[in-house]
Number of protein chains: 2
Amino acid sequence: MKPINVGLLGIGTVGGGTWTVLTRNQEEITRRAGRPIQITAVADRDTERATSLTGGSVKVTGDAFEVVRDPSIDIVVELIGGYTVAKQLVLEAIANGKHVVTANKALLAVHGQEIFAAAQAKGVMVAFEAAVAGGIPIIKAVREGLTANRIDWIAGIINGTTNYILSEMRDKGLTFADALADAQRLGYAEADPTFDIEGVDAAHKITLLSALAFGIPVQFDRAHIEGITKLTAEDIRYAEELGYRIKLLGITKRKADGFELRVHPTLIPSKRLIANVEGVMNAVVVKGDAVGATLYYGRGAGAEPTASAVIADLVDVTRLHTADPEHRVPHLAFRADQLSDTPILPISEVESAYYLRLRVQDRPGVLADITRILADQGISIDAMLQKEPSEGEQQANIIMLTHVTREKQVDAAIVRIEGLDSTVGAVTRLRLEELNG
Amino acid sequence: MKPINVGLLGIGTVGGGTWTVLTRNQEEITRRAGRPIQITAVADRDTERATSLTGGSVKVTGDAFEVVRDPSIDIVVELIGGYTVAKQLVLEAIANGKHVVTANKALLAVHGQEIFAAAQAKGVMVAFEAAVAGGIPIIKAVREGLTANRIDWIAGIINGTTNYILSEMRDKGLTFADALADAQRLGYAEADPTFDIEGVDAAHKITLLSALAFGIPVQFDRAHIEGITKLTAEDIRYAEELGYRIKLLGITKRKADGFELRVHPTLIPSKRLIANVEGVMNAVVVKGDAVGATLYYGRGAGAEPTASAVIADLVDVTRLHTADPEHRVPHLAFRADQLSDTPILPISEVESAYYLRLRVQDRPGVLADITRILADQGISIDAMLQKEPSEGEQQANIIMLTHVTREKQVDAAIVRIEGLDSTVGAVTRLRLEELNG
């Protein structure tokens, strides 16, 4: 049967992995897809390297637009990244009637609606399994495997860099800065790690999962984002004492009046499977009303794991190539004319349990003042740990876990607690999720 | 758009769950599938109960053949179970041009080739996500999510009953018989639990996964099957001391000269995520050459979790309904004309590490004799635990872990060890898998 011709934009880490895996497993992939899938054109700034990697067997160009305009190309794989050129390339590929496979979560989280609408109008597919959690087929699971369910929530460790840093902080008692330096030395964090450590990358991904789960548009600008830069080894240790691990989670939840969409460090009970996902590994828990909680675990980054997702999309597109566009799996799991306009809730309306750590003068009546403030705000305490002052110190640490409450109540309480004479410095506040299925 | 009409054969636990979930989530399912999916006919021996469950809104019959012959039905859902009538019904539904969705692992593991060939010839789909691991979309993951990979192995906890029994034996130090009785009392084990505790159910499931992973025919008769009935709390405890948990695993592996296909109690390092899957939960690890190890976890049984998989198949079939049969996802992941005839290896040729427990006379030279025999068979020892005799006893327990070796070597060694004067009774032998990805 006639091969499917693929144009590869960018042959760096993931592009190189895609080339390698597609070549190595060509025979098995063809037995699955029904026809050969071959890369026939590669665009990369470094044409010399691209030529040497591909052994001179395919067309190599420095101009990616040449590939998206090439009439012999059936599918364009966009692995350039970023918002600007990548967006132009994807839109032009679509306009030229080509299917698109991309790993670009930033592009889709920000410009997804425009891109999916263009693809819909043109009757082509935009596949993006590689955009979330690398090789884990989580998009397929949510979009096709759990279609029976009203999805209640999704919570995921979807950034390997930060999970590696948090694992190191816990294992070795390192500070954030030292763990980050280790991660950079080992190649798990980039020279400029901002997008990872500030939670932006995780927010791109949970934004996409949120749309897929709930049938709402992609709305990155509504996501609440907190990274891990302010986490201390001390909080990780106290959480541990109370039976919790701290993970950077992307969370999206269905509520009566809207959807929650947020990324932040989160306490999770240690006994949950996802709390035991360590190092650069990723895992996503999806809670559906029929299936209960299901968990998906694997490598979230790296050349071949990400290539695994890119190629799975290539096989999907090849299998569905000739299908009536009206009957293909919808880009965002729900049909484009069936998206809901239920809003994403502001963070102040989010409900969570909380971990609070405060430093107080060690004198009578202090605890009574604090618990009175919490009671006034309707916040009830689930557990408390009081760390007595060391000899000679006049200050003690109080750590409290609250029951589930609305964030604005906690924020109001914190303002009042920080206003007490007996409180030293700021209150540390972390969110806690039970994640029980 | 015109609804898809579904005929339901059997409205017991899973059938009832399918009715409930399809009714409850009708709006969201329609938004995903593009057209309503409605059950319009139900066959069940208990017509009165079926009528009462469905509120009199659909046709109810005691004769399932009436449904598979009904020209208004598009998809038949077979939830009757067993090999005989179910097989006739599925084949007749296919002959009548209907798509089939089934949860019947026994039927497909034994008669899969015949059924898939009939469906292929007729151009209809047979979907069976519910046949393996309940609500976990593991078939979709293997068949569509990991298509880039040469799959190296799959190992799964795919029977909730036995995992519950093993969890209880470990947690509470119960005997197998007591844990089984508990499971029966709680409804986690059937009155006749043979298929579960002897590993037959798990073997049906791993046989299906094996075909999907490697592109080979479904070959249940080649599976090696051992259940958990002979496991003792003592072995579970010793394994724990050595850093392992014992789980009933379905395992299938690619080897140079064929494929392994086996079900048996297995030691797994305690730190692996899958070793911490407790109670009735299921989990499957799939190791691909590109993606590494990925894990899928969730409820493997029960009304709504299994219904979740049945309905996901209904949505898939609805989405692919009008597609050219040549371009649909192949039943067994690889195209029907592309299955490989590489054989399943006999158990004697399987490679594994082993746990050996033996009872010996506590006198000098005994250990030397044993280690000599092992060395003669080319077996090297990884760890050893010697349990000294209690006061007054003359016998000691020796527990050994071997490095990976071929099963026939171990069996030969055991025959010789059991022939020693100093050995008391039989040697207990369990397999051990590292499962590192």
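Which residues in H1(B) meet which residues in H13(B)?

Reply: The model is predicted: local features need pLDDT of at least 70, side-chain atom pairs count only at pLDDT 80 or more, and totals for chains, interfaces and linings use all residues. Residues are numbered from 1 along each chain as its sequence is written, chains are lettered from A and ligands numbered from 1 in the order in which they are written, and side-chain values use heavy atoms, with hydrogens and water left out.

From H1(B), the residues that take part are Thr13(B), Val14(B), Gly17(B), Thr18(B), Thr20(B), Val21(B), Leu22(B) and Arg24(B). They meet Ala303(B), Glu304(B), Thr306(B), Ala307(B), Val310(B), Ile311(B) and Leu314(B) in H13(B). Contact here means heavy atoms within 4.5 Å. Helices (H or I, at least four residues) and strands (E, at least two) are DSSP runs, numbered from the N terminus. By class, this contact has 8 nonpolar, 5 polar and 2 charged residues. Ala, Val, Leu, Ile, Met, Phe, Trp, Tyr, Cys and Pro count as nonpolar, Asp, Glu, Lys and Arg as charged, and the others, Gly among them, as polar.

As for geometry, the axes of helix H1 (residues 13-24) of chain B and H13(B) come within 8 Å and cross at roughly 65°. Axes are lines fitted to C-alpha atoms, for helices over the stretch in contact, and angles run from 0 to 180 degrees between N-to-C directions. The crossing of H1(B) and H13(B) is right-handed. A crossing is left-handed if the near helix is turned anticlockwise from the far one by less than a right angle, and right-handed if clockwise.

Helix H13 (residues 303-320) of chain B also packs against helix H7 (residues 138-145) of chain A, at an angle of about 85° and with the axes 10 Å apart. H7(A) and H13(B) are therefore roughly perpendicular to each other; angles under 35 degrees count as roughly parallel, over 145 as roughly antiparallel, 65 to 115 as roughly perpendicular and the rest as oblique. Arg143(A), Glu144(A) and Gly145(A) of H7(A) make this contact with Ala312(B), Asp316(B) and Arg319(B) of H13(B). Its residues divide into 1 nonpolar, 1 polar and 4 charged.

The two chains may now be compared.

Two strands pair if DSSP finds at least two bridges between them. Strand S1 (residues 4-9) and strand S2 (residues 37-43) of chain B pair in the parallel sense over 6 bridges, and Leu8(B) stands opposite Val42(B) in S2(B). In chain A, strand S1 (residues 4-9) runs parallel to strand S4 (residues 75-78), joined by 4 bridges. There, Leu8(A) stands opposite Val77(A) in S4(A).
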